[in-house]
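Subject: Structure handover

Hello,

Here is the structure I promised to pass on. Please open it first, then read my notes below.

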Amino acid sequence: MRPAKALRGPRELKPPHIITAAAQAAATRLMGGEQLLSWALPAFARLTLQFRRIPSVSDHKLSVKSEKHPEPGDMGDKELMWALKNGDLDEVKGLLVKAEDVNRTLEGGRKPLHYAADCGQTEMLEFLLSKGADVNAPDKHGITPLLSATYEGHVSCVKILLEKGADKERKGPDGLSAFEAAESEAIRDLLKVRSILPEKCSLGNRCLLDFY
């Protein structure tokens, strides 16, 4: 009876450079010439590279995404829209570096003034208007900043826009004017005023108000 073979554990994988050296020695012993080596060595070299490939500098450059730090005013519309909505005045000042940027149509089809009015950002609104923002500019839907502020119930924004000459007769896509669309009584009261005369008038310090 033949003795049972001893159980062997998992075969150890030898490092690629050992495999290549052993294969080279075996090929030399078997063939004794360079013909086999000229064929076998490139094949084993490719096998070695599969097991062990040292990353090159170019690999590192490809694997690491280059980070470009944008210059002021070089950021995308999304960053500007976020800053306008959240009242980040310093960020907006850094992004609107050109005079025409204040009236530029952004990615969402609206002007910067629309986002400020829509979110009730009074300080942002005043800054944009001071830089020449068109108070009556419509967005892609035909909505003016005044309508935007009215829809959202921002009384302070409505007041600022009216003081800067916003046209309250302009109608939105639903065919309604700001006065007709307003749900806030305070906004309706502001929109009732047709015109405010200069402080110096026939009644002294009082101003004449013309209501509907």
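P145 sits in helix 8. Keep in mind that this is a predicted model. P145 has a relative accessibility of 0%, so the residue counts as buried. What does P145 touch, once neighbours within four places in sequence are left aside? The list is L113, H114, A117, V135, N136, A137 and L161. L125 is 20 residues from P145 in sequence, and their C-alpha atoms are 9.6 Å apart in space.

T150 is also placed in helix 8. T150 has a relative accessible area of 3%; under 20% is the cut-off for buried, so T150 is buried. Not counting residues up to four places away in sequence, T150 touches V158, A178, A182, I187 and L191.

Now the helix as a whole. Helix 8 runs over residues 145-152. Six of its eight residues are buried, so the helix is mostly covered. Those six are P145, L146, L147, S148, A149 and T150. What do the buried residues pack against? Their partners are helix 6 (112-118), helix 9, helix 10 (178-181) and helix 11 (185-192). Just after helix 8 comes G153, with a positive phi of about 75°.

Next, the helix pairs. Two packed helices are described by the angle between their axes and the distance between the axes.

Start with helix 8 and helix 9, the latter covering residues 155-163. Their axes come within 8 Å and cross at roughly 160°. Angles over 145 degrees count as roughly antiparallel, which is why helix 8 is described that way relative to helix 9. The crossing of these two helices is left-handed. On the helix 8 side, the contact is made by P145, L146, A149 and T150. On the helix 9 side, the contact residues are C157, V158, L161 and L162. Sorted by class, this contact has seven nonpolar residues, one polar and no charged.

Then take helix 9 with helix 11. How close do the axes come, and at what angle do they cross? They come within 9 Å and cross at roughly 10°. Angles under 35 degrees count as roughly parallel, so helix 9 and helix 11 fall in that group. V155, V158, K159 and L162 in helix 9 meet A186, I187, L190 and L191 in helix 11. This contact divides into seven nonpolar residues, no polar and one charged.

One residue elsewhere is worth a look. K85 is in helix 4, which spans residues 77-86. Is K85 buried, exposed or partly exposed? Its relative accessible area is 37%, so K85 is partly exposed. K85 touches Y115, C119 and Q121, not counting residues up to four places away in sequence. K85 and A117 are 32 residues apart in sequence, yet 8.8 Å apart in space, C-alpha to C-alpha.

Last, the record. In the model, residues 108-140 are 48% helix and 0% strand, with end C-alpha atoms 8 Å apart. Residues 141-173 are 52% helix and 0% strand, and their end C-alpha atoms lie 7 Å apart.

Best wishes

Key:
Residues are numbered from 1 along each chain as its sequence is written. This is a predicted model: local features need pLDDT of at least 70, side-chain atom pairs count only at pLDDT 80 or more; totals for chains, interfaces and linings use all residues. Side-chain values use heavy atoms; hydrogens and water are left out. Axes are lines fitted to C-alpha atoms, for helices over the stretch in contact, and angles run from 0 to 180 degrees between N-to-C directions. Helices (H or I, at least four residues) and strands (E, at least two) are DSSP runs, numbered from the N terminus. Angles under 35 degrees count as roughly parallel, over 145 as roughly antiparallel, 65 to 115 as roughly perpendicular and the rest as oblique. A crossing is left-handed if the near helix is turned anticlockwise from the far one by less than a right angle, and right-handed if clockwise. Contact means heavy atoms within 4.5 Å. Ala, Val, Leu, Ile, Met, Phe, Trp, Tyr, Cys and Pro count as nonpolar, Asp, Glu, Lys and Arg as charged, and the others, Gly among them, as polar. Buried means under 20% relative accessible area, exposed over 50%, partly exposed in between (1.4 Å probe, protein chains only).
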